[in-house]
Amino acid sequence: MSAMSTGRSLADLAREAGVVGAGGAGFPTHVKLAGQADTVIANGAECEPLLHKDTLLMTHRAAEVVRGMALSMAAVGAQRGLLGIKRKREEAVEALRAALPADGSIDLLLLGDFYPTGDEYDLVYAATGRLIPPGGIPLNVGAVVHNVESLLWLANAADGLPVTDKWLTVTGAVAQPRTFTVPVGTPFSALLEFCGGATVPDPVAMIGGAMMGRISDDFDQPVTKTTGGLIILDRSHPLIVRKTLPIESKRRIGKSACDQCSYCTELCPRYLLGYDVQPHKVMRSLGFLSTGSAIQNQWGQMCCACGVCTLYSCPESLFPKEACDDAKVALREAGIKWSGTGREQKAHANYEHRRLPVKKLVKKLGLYDYDQPAPFSPEQPSAVRYGYPLSQHVGAPAEAQVAVGDVVRRGQVLGELPEGKLSARVHCGVDGVVVEVGATVSVERRS
Ligand code: SF4
Ligand code: SF4
């Protein structure tokens, strides 16, 4: 008997199963399921270069993804479901097509090979022709967006299964690039070993992608529900050097070298979509000290941090994305909210023509040699010690439900939602014994 047949709503089951947005910051999915929308969109765009996990998940688990979509549509009262996937992912497209229901309620949304087609604002526009109001969410225009892995988790949740495993790709400078599933909590070191180890002397990981991911050399850290994949590069790779330059240097170089050519704005995906993001104006704020910068900062407020301006557009190799990051922090601290800059809300006439092909981006990033398949592997890496951060989602941390010495089972709740707060449950991915409880619950595997 499925958990749904017990009469509980999908939102309840998603909350119990700890389902969150697998493709972003980990927004708790049960909150999205409480609204009403006419369209549900699956985000399988996977526009970050080199990553393949969403594509292979859709290839191998198409039926569950489609089931998750149907359940989600029923939960929010939607009549239309669209599965967003790049046209070039032929095998996954065929697998999804074969799993579509005959009634036509769910269809494919075939996307071009551009970056960042997976930006929620861009995806909603591609699916519905509607522009999310500045600072708004898809629900404001009658849409709900789920990552495809979250749809798989929803299908599992309907059967009473919690989130215990994660799909990911490990690629870049590794002996054997692979895509596979692992128990949440597995340390990065085990993933690296599973892929034959690094092929460079001083490896660092770009976690979640080359454009929007963060960089770390801590291979003891665990896989969380939002870890999309690892791209391994040497610390001396120009992309790593550029990304890890101290912020003071980024600001100083920008202040002295920006010639206001405005290429960063002209190629900004959000600007092209009709939002008033103008990073070249935000760069001017670097020249102000205590006054004036707030005026320039407002043009960074709708920036989605895609990184195109810094890593592709700027001919001087400056850091407009980081200036927008700074601007958003400054505006938040000053309590200044989006009030609009008066620009008409409609896509730029050159929206289609100025989109950034992923192939060009890969070359510019210096990743051409690593643009390789990372085939699905049914085997899994194994480790001794697993880590479960109680905060691996948007909202308040979960509250620990176990103590040191407790014997725990795969699927057991380690962290519970605090009463009345936005949060998500955390479940154990392996059978074992709790060896530490703090901000992270550590479990030693016993099997
Ligand atoms: S593209 Fe570079 S140089 Fe040109 S305005 Fe933007 S930050 Fe300045
Ligand atoms: S990171 Fe740059 S290109 Fe991307 S949205 Fe922000 S300003 Fe635009």
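Predicted model: local features only at pLDDT ≥ 70, side-chain atom pairs only at ≥ 80, totals over all residues.
Biologist: What makes a residue part of the surroundings of ligand 2?

Modeller: Its C-beta atom has to lie within 6 Å of the ligand. For ligand 2, 15 residues qualify, and the closest are Cys-268, Cys-303, Cys-306, Cys-309 and Lys-321. Two or more residues each come from helices H12 (269-272), H15 (308-313) and H16 (320-333).

Biologist: How is the shell around ligand 2 divided by class?

Modeller: It has 12 nonpolar, one polar and two charged residues. Cys counts as nonpolar and Lys as charged, so Cys-268 goes with the nonpolar residues and Lys-321 with the charged ones.

Biologist: Which residues come nearest to ligand 1?

Modeller: Cys-258, Cys-261, Cys-264, His-280 and Cys-314, out of 15 around it. Helices H11 (263-266) and H13 (279-284) each give two or more residues to that shell, with the largest share, three residues, from H13. By class, the shell around ligand 1 has nine nonpolar, four polar and two charged residues.

Biologist: Why is helix H3 (residues 53-60) called mostly covered?

Modeller: A residue is buried if 20 or more other C-beta atoms lie within 10 Å of its own. Seven of the eight residues of H3 are buried, so the helix is mostly covered. Among the buried ones are Lys-53 and Asp-54.

Biologist: Which residues have the most contacts inside the largest nonpolar core?

Modeller: Val-65, Met-69 and Leu-154, in a core of 131 residues. Helix H4 (residues 62-76) gives the most to this core, nine residues.

Note on methods. Residues numbered from 1 in each chain as written. Chains lettered and ligands numbered in written order. Helix = DSSP H or I, 4+ residues; strand = E, 2+ residues; numbered from the N terminus. Buried ≥ 20, exposed ≤ 12 C-beta atoms within 10 Å, placed from the backbone. Core = buried A, V, L, I, M, F, W, Y, C linked by C-beta atoms within 7 Å.
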